[in-house]
Amino acid sequence: LPFGFRDIFPIESEERNKIKELIREEFRLWGYGEVKTPVVEFTKNISAGAGENWKDKLVSFFDVDGNLVSLRTDMTIPIARLAGMRIKKSQLPVKFCYFANSFRQSDIQKGIKREYNQAGLELIGSSSFISDVEVLVILVKILKKLEISDYKIGLGHIKLINGLCSWLDLDSLDIESVKKNLILKNFVAIERLLSQSDKEKAKVFLKLIKPEQDIEKIANLVSNIKEKKVRDGFSYLRRVYDVLEKLDCSKHLIIDLSIIREFDYYSGLLFEVYSSKVTDISGSGGRYDGLIGKFGLDVPATGFALDIDLIHKSMEDSKLRLFRNESGMLLFGPSKNCYELIKISDSLRANGTTVEIVYDKGLDLKNLAKEKKCRLLVILEPDMENVTVVDLIKNKKQIKKLNKFLQEMGNYKR
């Protein structure tokens, strides 16, 4: 395979599908409807949303008509295009969700993927801070239902970073350098740059961008800064935090003013999802009020995306086991009676049991059943009157009359 891509086998695929089903149900309960967009967009549309710095990360090519097109880098830009061109003001607000793969170029090195399997939502048409609260509440509910106990959600705000850069009196080159190093989490480089000017302000800045559980500590530091953008950004952040606290959603929140995204379209609140089991960010989101207007209707929006690969890795195996089909059955019998074998398996499936038939002799049936995460191994004896039933969970083996076994599994008439 080309680097950055991977194959997925049935057991993991089933686990991931269960994760997506749980997420889809939460989206449905909040009124979010699923949308689908083409995997390919005009490169100019993606560049308009992602920014100039993303040109090297696009997977681009010319189509048969000579148009420069690219694989989508995320779903926010395609949905922004869809909303800008297709949605009318009278329809607002609209709530969309999606389950899709996105693609980004990366350096040839181990562990850097180029395909991202994502689930996310977009709330379009509301500028109220309550819409930001809503998407964060949905995010918290999903993570709780997935039982990812050790997760953290970092909250930041783009206005805070911009305001702090103004407060530090940085020029455009220094601002670009600070933001670039914030993305890279290169705090040493930031400290070196800022210490060349006002060292006291630099100390405050470095304290502010350190992740903090106690919002009051951030509030005390911000209270000494007169820059309006800093105060406005923190005031917005505080309002969102206070409501989440009242909704019992603040336990896993941290204030992380170092959050800044590579995409240029974010305009306000920013947030990221972290887990101790993975080093990368499991999810991210925020407000992007100016993006949709680049494609038509100019309306505010907010949303988030979860990385299904990383969410899957973040989950305890005990929880993933509940997602597996361990109630299934591996059925083996004489190939000369294949008609009867298929008829028996169909009757079991009618009761909701997953039944996989094995026809070939000479296999290690018990190990094969374990590998396939089946609960039962059922061997139909040559006389077609008896079966050997192995319960792989209880490690128990029994020989039963076929009719009795079928009755135990559900109503069946031979």
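Student: In what order do the three strands of the open sheet come, and is the pairing parallel or antiparallel?

Tutor: Strands of a sheet pair through backbone hydrogen bonds, either parallel or antiparallel. Here three strands form an open sheet in the order β2-β4-β3, and their pairing is antiparallel; two strands count as paired if DSSP finds at least two bridges between them, and strands (E, at least two residues) and helices (H or I, at least four) are DSSP runs numbered from the N terminus. At the edges lie β2 (40-42) and β3 (60-62), each of which pairs on one side only. This is a predicted model, in which local features need pLDDT of at least 70 and side-chain atom pairs count only at pLDDT 80 or more, while totals for chains, interfaces and linings use all residues. Residues are numbered from 1 along each chain as its sequence is written, and side-chain values use heavy atoms, with hydrogens and water left out.

Student: How many bridges join β2 to β4?

Tutor: Three bridges join β2 to β4 (residues 68-71), and these strands run antiparallel; V40 stands opposite L71 in β4. Helix α2 (residues 43-50) packs on the sheet, where it touches β2, β3 and β4, and its direction makes about 80 degrees with that of β2. Such angles run from 0 to 180 degrees between N-to-C directions, and axes are lines fitted to C-alpha atoms, for helices over the stretch in contact.

Student: At what angle do the axes of α5 and α6 cross?

Tutor: Two packed helices are described by the angle between their axes and the distance between the axes. The axes of α5 (residues 158-167) and α6 (residues 172-184) come within 11 Å and cross at roughly 140 degrees. That makes α5 oblique to α6, since angles under 35 degrees count as roughly parallel, over 145 as roughly antiparallel, 65 to 115 as roughly perpendicular and the rest as oblique. The contact, meaning heavy atoms within 4.5 Å, is made by I161, N162 and C165 of α5 together with I175, V178, K179 and L182 of α6.

Student: Which residues make the contact between α7 and α8?

Tutor: Helices α7 (residues 187-194) and α8 (residues 199-208) pack at an angle of about 160 degrees, with their axes 9 Å apart, which makes α7 roughly antiparallel to α8. The contact is made by F187, I190, E191 and L194 of α7 and by A202, F205 and L206 of α8.
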